[in-house]
Amino acid sequence: MEIKEVFAKSSLVPSKLSQFTINPYLGCGHGCKYCYASMIMQRWYHKGELWGDFVDVRINTPQNVEREVKNRHKIDVYMSSMTDCYQPLEKEYNMTRKTLEVLLRHEQGLFPSKNSITIQTKSRLVLRDIDIIKQFTDLTVGVTITTLDTDYSEILEPFASNPYERLETLENLNRENIKTYAFFGPLLPGISDSFKTMYKMIASIQEAGTKTVIVDKLNYFTNLKRLQDVSKTINLFEQFRISDTENYVSSLREKVIALREEFPKIDFRIVF
Ligand code: SF4
């Protein structure tokens, strides 16, 4: 993997997801085959390179955040929209940890601010920072799980924590009374979109103690050649190809609605 240390002009980026996003890295070592961030970011950066083969570390992220949060009495932050802030390089660079330290100092400073922080990840590495995470008054950790089938997960999300480690991560966070949600998505056609597999997933999430599940479908951009190629390799090209059709999407929605009946204690949020 090609790793570069770069300086970002700013780090709090206004966003539709939240007031601001913070992306301490450009690129993502998890290398998910369906990653939408790759499509967006590679319009401008690292064109033609393989997503997962490069990461730019924005090494001044904590300093930028320190400067940019000053004089703000309330900020809503989502980490991260275009990368995973707990990807493998975080072990070495600690950009996320250092940024959280800055946000915590901001929250607990002389003029305490009311911050709301959301972290979403596919990595158990988030557990390393429980000591800091626990100190925020409003911090939620979302863990993304797309399938419990480790064979498919290894192909589609090769360098993320395996699905069972992600469930364990939720369990550990819940044990520490940290607010959590599971992001079940993208639902993978032919892999995790049958009622039976979805049921098993929700039951596992519930067992881990998480009560909020956000469900999303795959956005199968036909120009995402890598996803086409991988769907052919795993003999699911046709299933992936039809996953944007109205029939498919409405039948998927019906399954989630039926799951709501089965799991009345789970707060389902359908975002497709
Ligand atoms: S973890 Fe998220 S940002 Fe990283 S490659 Fe996977 S989908 Fe993309």
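Helices (H or I, at least four residues) and strands (E, at least two) are DSSP runs, numbered from the N terminus. Keep that in mind for every stop below.

Residues are numbered from 1 along each chain as its sequence is written. The model is predicted: local features need pLDDT of at least 70, side-chain atom pairs count only at pLDDT 80 or more, and totals for chains, interfaces and linings use all residues.

**Stop 1: E49**

Select E49. It sits in the loop between α1 and β5 (54–58). E49 has 13 other C-beta atoms within 10 Å, so it is partly exposed. E49 and R166 are 117 residues apart along the chain, and their C-alpha atoms are separated by 28 Å.

**Stop 2: the two domains**

Colour residues 1–137 as domain 1 and 143–272 as domain 2. These bounds come from an automatic or database domain assignment. The C-alpha centres of domain 1 and domain 2 lie 23 Å apart. Next, look at where they touch. Two residues are in contact if their C-beta atoms, placed from the backbone, lie within 7 Å. By that rule, 20 residues of domain 1 are in contact with 24 residues of domain 2. On the domain 1 side, α1 (36–41), β7 (116–121) and α5 (130–133) each supply at least two of the touching residues. That side has nine nonpolar, seven polar and four charged residues. Here Ala, Val, Leu, Ile, Met, Phe, Trp, Tyr, Cys and Pro count as nonpolar, Asp, Glu, Lys and Arg as charged, and the others, Gly among them, as polar.

**Stop 3: the ligand**

Which residues are around the ligand? Select C28, H30, G31, C32, C35, A37, T83, D84, K122 and A160. A residue is near a molecule if its C-beta atom, placed from the backbone, lies within 6 Å of it. This shell divides into five nonpolar, three polar and two charged residues.

**Stop 4: the largest nonpolar core**

A nonpolar core is a set of buried Ala, Val, Leu, Ile, Met, Phe, Trp, Tyr and Cys residues joined through C-beta atoms within 7 Å. The largest one has 58 residues. Select V77, L170, A182, F184, I205 and V213, which touch the most other members. Strand β9 gives the largest share of this core, five residues. Domain 1 and domain 2 each contribute at least three residues to this core.

Zoom in on V77. Leaving out residues up to four places away in sequence, V77 touches S18, F20, I22, L103, N115 and I117.

Step back to I75, in the loop between α2 (61–69) and β6. I75 counts as buried because it has 20 C-beta neighbours inside 10 Å. Beyond its neighbours within four places in sequence, I75 is in contact with Q19, F20, V69, S113 and N115. I75 and E107 are 32 residues apart along the chain, yet their C-alpha atoms are separated by 9.5 Å.

**Stop 5: helix α4**

Select residues 95–107, helix α4. The expected span of a helix is 1.5 Å times one less than its number of residues. For the 13 residues of α4 that gives 18 Å, and the end C-alpha atoms are 18 Å apart, which agrees. Now show the buried residues of α4: M95, T96, R97, T99, L100, V102, L103, H106 and E107. An α-helix has 3.6 residues a turn, so residues three or four places apart point the same way.

Go on to F136, in the loop between α5 and β8 (139–145). F136 is partly exposed because it has 18 C-beta neighbours inside 10 Å. Not counting residues up to four places away in sequence, F136 touches L104, E107 and I117. F136 and I117 are 19 residues apart in sequence and 8.4 Å apart in space, C-alpha to C-alpha.

**Stop 6: backbone details**

S80 lies in the loop between β6 (76–79) and α3 (90–93). The bond from G185 to P186 is also cis, with omega near 0°. P186 belongs to strand β9 (residues 179–187).

Finish with two asparagines. N177 is not a glycine, but has a positive phi of about 60°. Find N177 in the loop between α7 (163–175) and β9. N177 is exposed, with 8 other C-beta atoms within 10 Å. N235 also has a positive phi, near 55°. Look for N235 in the loop between α9 (225–233) and α10 (237–241). N235 is exposed, with 9 other C-beta atoms within 10 Å.

How values were computed. A residue is buried if 20 or more other C-beta atoms lie within 10 Å of its own, exposed if 12 or fewer, and partly exposed in between; C-beta atoms are placed from the backbone.
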